[in-house]
Amino acid sequence: EAPSGALHFDDLVAAEQKIEPRDWMPDAYRKTLIRQIAQHAHSEIIGMQPEGNWISRAPTLKRKAILLAKVQDEAGHGLYLYAAAETLGVSREELVNLLLEGRQKYSSIFNYPTLTWADIGAIGWLVDGAAIVNQVPLCRCSYGPYARAMIRVCKEESFHQRQGYEILYTLSHGTPEQKAMAQDAVDRWWYPSLAMFGPPDGDSTHSEQSMAWKIKRFSNDDLRQKFVDMCVPQAEILDLRIPDPDLRWNKERGVHDYTQPDYAELMRVIKGDGPCNRQRMEHRRSAHEDGAWVREAAAAYAQKKADAKKK
Ligand code: 3HC
């Protein structure tokens, strides 16, 4: 006999209602949300590194200001998401330690290097574009705090995508060297961006249950397909080539046929064997240590204020 809360939970999910922090929920629902939201937050924080490298190298003051704003936005996205995860009964400190100890993941995409300024454009257009395709359905996730965090994240993400697209448009309509730099960046970021959506549906361990609980609204492959179909006309306007000779419109299916990313590479990168995994984690660990004094000072100040109140 399911506990009374279970019936209410199933009814709420079936009726497209939101599950709120105080509602009864299956332990496994709570567990998978903590997993996904925490890893989403970790991705935002680690994702600040590849772009942060170019803040001091931006070609103009305007580009520097835009990139600075974007990297700050990513920190804010991490904050919203850690706060959403905390409503499920974990502390941000616990989650940060799980990341630092390598016991929780962050997105594979941030383990690739940003070799030229054009990479900042390719990240905006492709990585933030993929993030939007993945995050818009999450605005309808059954867990209230996560869905609401996503609404603001998506609004900021569309600015991120536009500024990247505009960088690539400027470069591809600039000198031949600039166009070649833009094409090289698209060549390097296209397949890792496809892999961002996760393993193919047949290898996805969580999809079936996550879709039953209306956490995940579309499968990894469905979102990947949506992303490819969105990018093709955009690449045409950019006058840049998508590096896939087998990419073509399939009239019968009403979508583009395309070459799958290398999933063995995705698994290697997820396991820590990507081009930049070590430096990303070293940087995160040393930033965490360097910031310890700020956390201690803030805690001491809060304690002093609390003690003063008691007098
Ligand atoms: N990178 C790292 N790990 C990945 C991954 C990727 N690209 N794709 C899948 N995985 C992991 C999953 O986390 C899971 O491992 P776990 O059990 O240890 O968590 C395993 O591979 C199996 O994958 P599943 O498809 O079964 O897992 P999910 O159902 O969780 O689907 C997901 C994966 C689509 C990434 C889903 O977790 C999700 O939608 N997460 C929220 C969005 C997110 O985290 N995006 C990351 C990028 S953040 C970003 O883009 C910010 C923007 O500003 C650039």
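Biologist: Is Asp119 buried or exposed?

Modeller: In this predicted model, Asp119 is buried, because its relative accessible area comes out at 0%, and a residue counts as buried when that value is under 20%.

Biologist: Which side chain does Asp119 meet in a salt bridge?

Modeller: Asp119 meets the side chain of Arg188 in a salt bridge, with 2.6 Å from N to O. The pair links distant parts of the chain, since Asp119 sits in helix 6 (residues 118–138) and Arg188 in helix 8 (residues 176–195), 69 residues apart. Arg188, for its part, is partly exposed, with a relative accessible area of 25%.

Biologist: How many salt bridges does the structure hold?

Modeller: The structure holds 16 salt bridges. One of them joins Glu20 to Arg148, where the closest N and O atoms are 2.8 Å apart.

Biologist: And where do Glu20 and Arg148 lie?

Modeller: Glu20 lies in the loop between helix 1 (4–14) and helix 2 (27–46), while Arg148 belongs to helix 7 (residues 144–172), so this pair ties together parts that are 128 residues apart in sequence. Glu20 counts as partly exposed at 25% relative accessibility, and Arg148 also counts as partly exposed, at 45%.

Biologist: What about Glu156 and Arg152, how many residues apart are they?

Modeller: Glu156 and Arg152 are four residues apart in helix 7, which means that about one helical turn separates them. Their side chains meet in a salt bridge of 3.1 Å, N to O. Glu156 counts as buried at 16% relative accessibility, whereas Arg152 is partly exposed at 48%.

Biologist: Which residues are linked in a network of salt bridges?

Modeller: Glu51, Lys70, Glu74 and Asp128 are linked in such a network.

Biologist: What does the side chain of Asn134 have to do with the ligand?

Modeller: An N or O atom in the side chain of Asn134 is 2.9 Å from an oxygen atom of the ligand. As for the ligand as a whole, it has 1,000 Å² of accessible area on its own, and the protein covers 89% of that.

Biologist: What does Arg284 touch instead?

Modeller: Setting aside residues up to four places away in sequence, Arg284 touches Ile45, Ile46, Gln49, Leu99 and Leu100. Arg284 itself is found in helix 12, which covers residues 277–290.

Biologist: And Arg63, buried or exposed?

Modeller: Arg63 is buried, with a relative accessible area of 10%, and lies in helix 4 (residues 61–86). Leaving out its neighbours within four places in sequence, Arg63 is in contact with Ala58, Trp117, Gln163, Glu166, Ile167 and Thr170.

Notes. Residues are numbered from 1 along each chain as its sequence is written. This is a predicted model: local features need pLDDT of at least 70, side-chain atom pairs count only at pLDDT 80 or more; totals for chains, interfaces and linings use all residues. Side-chain values use heavy atoms; hydrogens and water are left out. Helices (H or I, at least four residues) and strands (E, at least two) are DSSP runs, numbered from the N terminus. Contact means heavy atoms within 4.5 Å. A polar contact is a pair of N or O atoms within 3.5 Å; within protein, one must be able to donate a hydrogen and the other to accept it, and residues adjacent in sequence count only if both atoms are side-chain atoms. Accessible areas come from the Shrake-Rupley method with a 1.4 Å probe; for residues, only the protein chains shown count as cover. Buried means under 20% relative accessible area, exposed over 50%, partly exposed in between (1.4 Å probe, protein chains only). A salt bridge is a side-chain nitrogen of Lys or Arg within 4 Å of a carboxyl oxygen of Asp or Glu.
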